[in-house]
Amino acid sequence: MIVAALVSAAVIFLKIGEIRVVGETRYTRDEIIEASGLHVGQSMYLFNKFSSISSIFRECPFIDTVRMKRTLPDVLEIIVTPCQSIVAVKNEDAYYVLDEKGKILERADDVPDPNIHVVRCSGLETPEVGKMAVFFEEETPKALFSLLNTAKNSDILKNIGEIDVTKAYDVRFHYRERFIVAVGTADDLEHKFKFADAVIAQLGENEMGIIDVSDGQTGYFTPNRNIG
């Protein structure tokens, strides 16, 4: 009974004396704390942690993960990690920036960062910042994120420009600013990337054109000086 009484007293009387934000994001400490709805003086244990975390995600879409840690007697830590912008999906008259999980981070009139890959596709259904992107074509996200993840693992993502997944069976992307690579479906991408690089190794430094590796067996080059 004594232990239960002490625990109950701690829950009721221990108050938040300091809120710390740990982790670097685009948001300030005050913005994250305000989004959480927490404030100094609240009980350390009686607030709704899950509601606070959900509120942070809603108000701060560029945050990827949130954890809360209590350090007695009165410190509450909000531990955050940032999202990374990876693609800008063209949708009607705007671009929607997505992270690598497919969450919509922001809406922009133009591509906000030259390092973000522009994506052409059939479009998004009722896109909303802070929510997961829903594509009109069900196969689009699988094709897109398979391409991005395989390119990242193959260390060629930095060389990829605009990506076209309008047709999931005819995926294409700009590569090294001189080529369009047609990979067909998103199957066996690692080998298709190797075929593309093998083709490029046979070409001169100024050649431009389309590299077709869609059959997954070899690569074919068609010159085209209009690629840029």
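Biologist: How many aromatic pairs does the structure hold?
Modeller: The structure holds three aromatic pairs. Rings of Phe, Tyr and Trp (its six-membered ring) pair if their centres lie within 6.5 Å; planes under 30 degrees apart are stacked, over 60 edge-to-face, and the rest tilted. This is a predicted model, where local features need pLDDT of at least 70 and side-chain atom pairs count only at pLDDT 80 or more, while totals for chains, interfaces and linings use all residues. Residues are numbered from 1 along each chain as its sequence is written, and side-chain values use heavy atoms, with hydrogens and water left out.
Biologist: Ok, what kind of pair do Phe-173 and Phe-193 form?
Modeller: An edge-to-face one, with 5.9 Å centre to centre and 85° between the planes. Phe-173 is in strand β9 (residues 171-175) and Phe-193 in helix α5 (residues 189-201), so the pair ties together parts 20 residues apart in sequence. Helices (H or I, at least four residues) and strands (E, at least two) are DSSP runs, numbered from the N terminus.
Biologist: Are Phe-173 and Phe-193 buried or exposed?
Modeller: Both Phe-173 and Phe-193 are buried. Buried means under 20% relative accessible area, exposed over 50%, partly exposed in between (1.4 Å probe, protein chains only).
Biologist: And what do Phe-179 and Phe-221 form?
Modeller: Phe-179 and Phe-221 form an edge-to-face pair, 6.3 Å centre to centre with 75° between the planes.
Biologist: Why does Phe-221 count as partly exposed?
Modeller: Because its relative accessibility is 22%. Phe-179 is at 0%, so Phe-179 counts as buried.
Biologist: New topic. Which ring does Lys-90 lie over?
Modeller: Lys-90 lies over the face of Tyr-95, 5.4 Å from the ring centre. The cut-offs are NZ of Lys or CZ of Arg within 6 Å of the ring centre and within 35 degrees of the ring normal.
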